[in-house]
Amino acid sequence: MSLAIAHSSMSETEIIDGNAVASEIRDDLTDAIETLADAGARPGLATVLMGDDPASETYVNMKQRDCEEVGIESYHVDVDGDASPETLYDEIAALNDNDDVHGYIVQAPVPDHVDYREVIRRVDPAKDVDGFHPENVGRLVAGDARFRPCTPHGVQKLLESAGVETEGKDVTIVGRSDIVGKPLANLLIQKADDGNATVTVCHSRTDDLAEKTRSADIVVAAAGAPELVDGSMIGEGAVVIDVGVNRVDADTEKGYELVGDVEFESAKEQASAITPVPGGVGPMTRALLLYNTVKAASLQEGVDVDLP
């Protein structure tokens, strides 16, 4: 995927273009979707939104547009933010029973009176295209993943696009979330072409974080802390993947700007390759959700497809 890398005009650092890689993935899904259509099956993805969080509404709308672009049928369920947890559980049960819906996500966050872990446990593991159900987490750890969680899988695809080998490399992940840090660590230590790495997972209790990141060949920042990692924390020639997307106050028309967990300009001076924010990992998460939906349809319909 040579189009994924653009050379910075200020240095030799390679800027890994997540928009370009995500576009390739969507294009590569076309044949699989056509194969399913020929067999009388159109992949279906549903989104569930409880409440009226503006950011969540934006994400859901983007996912619906993505589906339309590639030929996946999209469905949406709105649940009142003041409704009981049982109301949400009933909607989940209905989606589990709906044969037209091959995968679905319950958009986080959910209201405080709803236990998100219980929500995830009620999702049919075969339709859990986020890869968060305990059964799917267990399969991932065991090396037999049904669905790779979208953001960690996106990180792997970005490394692949940049020609970065992970075998034998030291990887430091900053952040231990169930969504990114933990599953990515498990994927990168697997005995696989895109694994075989030695992984250190850092977090808020880590002593001397800078020492851990400076010694890494690959640094993945996924802590949800604006510009936590700067150039002084990056070893010369390391590859930097920035998962963070943070709103910070700024003198702009919107009154804010988006920044990552990495201070881009200083890190770019040290890194051999780096992802920007926005335009890095974010588009990959959405593209891999489509990927998982097509895979779910293939498994449920019993139709073999070629996936990129």
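**Salt bridges in a predicted model**

Arg148 is partly exposed, with a relative accessible area of 27%; partly exposed covers values between buried (under 20% relative accessible area) and exposed (over 50%), taken with a 1.4 Å probe and protein chains only. The model is predicted, so local features need pLDDT of at least 70 and side-chain atom pairs count only at pLDDT 80 or more, while totals for chains, interfaces and linings use all residues. Residues are numbered from 1 along each chain as its sequence is written, and side-chain values use heavy atoms, with hydrogens and water left out.

A salt bridge here is a side-chain nitrogen of Lys or Arg within 4 Å of a carboxyl oxygen of Asp or Glu. The count by this rule is ten salt bridges.

- Arg148 forms a salt bridge with Asp194, at 2.8 Å from N to O.
- Asp194 lies in the loop between α7 (181-188) and β7 (198-202), and Arg148 in the loop between α5 (134-141) and α6 (150-161), 46 residues apart.
- Helices (H or I, at least four residues) and strands (E, at least two) are DSSP runs, numbered from the N terminus.
- Asp194 is partly exposed, at 25% relative accessibility.

**A pair within helix α4**
- In the salt bridge between Glu118 and Arg122, the closest N and O atoms are 2.9 Å apart.
- Both residues lie in helix α4 (residues 116-122), four residues apart, which is about one turn of the helix.
- Arg122 is partly exposed at 38% relative accessibility, and Glu118 is partly exposed at 22%.
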